[in-house]
Amino acid sequence: MQVYTTPKLNKVKVTSDFWKRYRELVVKEVLPYQWKVMNDEADISISEDPQNNGQDKNSHAIANLKIAAGQMKGHHYGFPFQDTDVYKWLEAAAYSFGYHPNPDLKKITDNLIDLIADAQEDDGYLSTYFQIDAPERKFKRLQQSHELYTMGHYIEAGVAYHHETGNEKALDIAKRMADCIDKNFGLEEGKIHGYDGHPEIELALSRLYEETGEKRYLDLAHYFLNQRGQDPAFFEKQIKADGDSPDRDLIPGMRDFPREYYLAAEPIKDQKVPHGHAVRVVYLCTGMAYVARYTGDKDLLAACDRFWNDIVKRQMYITGNIGQTTTGEAFTYDYDLPSDTDYGETCASVGMSFFARQMLNIHAKGEYGDVLEKELFNGALSGMALDGKHFFYVNPLEADPAASKGNPGKSHVLTHRADWFGCACCPANLARLIASVDEYLYTVNGDTILSHQFISNEAEFDDGLKIVQTNHFPWSGDIHYEIENPNDKSFKLGIRIPSWSANFDLEVNGSAKDLPVEDGFIYLDVDDKSLTIDLKLDMDVKVMRASNRVSDDFDKVAIQRGPIVYAAEQTDNQAPLSLYEVTPGAKTEYKFDKKLLDGVGVVKVAAKRQKIDDENAPLYVDASKPVETESAELTMVPYYAWANRENGQMRVWLNK
Ligand code: FUB
Ligand code: ZN
């Protein structure tokens, strides 16, 4: 019988051209730009916030910390969670040091850690809004306060910074925050028997547990998950005690959302489907998946499975975007997937990537790798322009400048990326995902290494084991692995066969091999000193349809090649794009254009186009009269790269 050992993953170096471009962009453009913005040194407009938050030009995020630290005088400005912009940025910077050492940036981040330490109170508390302007209201209006959400984001940053740089002060701030929270929350008498309106602390404490080994932090995360919804009136009672008047609300309108919106209407184990705010849901799910894995809590695990299924099978756009409505940035109901009013917040796709990564740690199922890949190459990535300095908060599947301007119900849909937002949660969230993408490529489960992403890399494990993956993904499906195993380690290697690849060919050491696909993976037993694997995935252009339960996509098709979902833009095609018709068997042509959009695969699709009616013709006519059509060709570019040229219409779903 084969005896396997547990490989330990030490380091992954991303060598993919596609991802190296994005990761260097984070270092060269994204981080410096965002730092300037947070210091109010950038000339930007933040008037295009999808929630019409009404802020002016300032972020004030660093200034808030300086005021809390006593280095500046003034009031807090921005949302109660404005600090989190800084923390997500810091986390992204920390990851970037792992692939691009940068002493100048390191000076800035070390100083930032000092500033954060100075802003932190003696008891570990840190939320600048409350420290500066409402010290008497700490932890008193948790439905809206985001205090634990805010500290959770620092804890994540502190863990990452400590992990990458060894800076003990960064970790110490995180521990002191967690200790403060531990002192104030729990079932013991005298503590608050509650939780934050916005989940985040659960996943952050789990990460702190991983970094420190301190079980108390995992227990606290578990407490927050178990306690949620135990007293469904918790938030209302707190609001009453803190002063019921809406004038006292920390974020206007937040009290109007029902308990379900906050995932607080009943204990999580009893919640059938994930209602409410999309980012809250996926952050909660990520926390649940961490805690379920570490504690073996079966109720939490079942909730992870339930929520996953509901999101992925009934509420996810083909691009991976989630959260269908701008009202509350929330999920709506099953199969409701409108393209032109879609919210699809960038943060929700980033959070979905976190959730997928954690689910891979629990079950070796290819579908988690599929969704992670979908987010990385579509829904999350579309949040940033190719210049690294413009961002989408909302990611629609259909857009028209005239609709965004003329229909208030679509005003949240931008057709170009904005400089920044009043609520700037998305830009740095995406930056931290891109900068840490190396951590999303492998999952080690016992004796098995799962290689579930086709992003070229060199991975070093213990005992000298090295896996080198080379490819030109996502443009080519030829995936080459070289395995060096000098100490004859025995392990299983699982390679994901993506759901979009109907067929595949496999060669091991140059000989064809037939292996069954088990839950989306093929498995090889490895104990040789060296091994080469060649996998050829099916990269044919696919004309896709949605389930016919999705009424918005009925009789529509979308174009996909490999993991990349395509979009038609007005700049390449004659408007209106609604006049094009594509048949499922349409002739398609694929070509890589290295000059376009920093190098993209372009798909041309044979189509028909209706002749547009005369503008003076009656609005309604007898449908039995044929409409003239002409042959046409649609030029389509990857969805993630849309809106990087002239402003205009865009469509993912095309008429059939
Ligand atoms: O509430 C904090 C963050 O702001 C959420 O995660 C985003 O959806 C935005 O509302
Ligand atoms: Zn966001």
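For Cys 426 the relative accessible area is 1%.

A quick word on what you're looking at: this is a predicted model, where local features need pLDDT of at least 70, side-chain atom pairs count only at pLDDT 80 or more, and totals for chains, interfaces and linings use all residues. Residues are numbered from 1 along each chain as its sequence is written, chains are lettered from A and ligands numbered from 1 in the order in which they are written, and side-chain values use heavy atoms, with hydrogens and water left out.

**The zinc site**

Next, select ligand 2, the zinc ion, and show Glu 345, Cys 347, Cys 425 and Cys 426. These are its protein donors, through OE of the glutamate and SG of each cysteine, at 2.0 to 2.3 Å. Donors here are N, O and S atoms within 2.8 Å of the metal (3.2 Å for Na, K and Ca); water is not among the atoms, so sites may look incomplete. Along the sequence, the donor residues follow the spacing E-x1-C-x77-C-C. Cys 347 sits in helix H14 (residues 346-362) and Cys 426 in helix H17 (residues 425-435), so this pair ties together parts 79 residues apart in sequence. Helices (H or I, at least four residues) and strands (E, at least two) are DSSP runs, numbered from the N terminus.

Why is the arrangement called tetrahedral? The four donor atoms subtend angles of 95 to 119 degrees around the zinc ion, and four donors count as tetrahedral if all angles lie between 85 and 135 degrees.

**A cysteine to check**

Now click Cys 423, which is buried at 7% relative accessible area. Its sulfur is 3.8 Å from the closest cysteine sulfur, in Cys 425, too far for a bond. A disulfide is a pair of cysteine sulfur atoms within 2.5 Å, and the structure holds zero of them.

**Loops worth a stop**

Jump to Pro 474, in the loop between strand E6 (466-470) and strand E7 (478-484). A cis peptide bond joins it to Phe 473, with omega about 5 degrees.

Then pick Asp 488, in the loop between E7 and strand E8 (491-496). Its phi is near 50 degrees, a positive value in a residue other than glycine, and the residue is partly exposed at 40%.

Note on methods. Tetrahedral: all angles 85-135°; square planar, octahedral: opposite > 155°, others 65-115°. Buried < 20%, exposed > 50% of the residue type's maximum accessible area, 1.4 Å probe, protein only.
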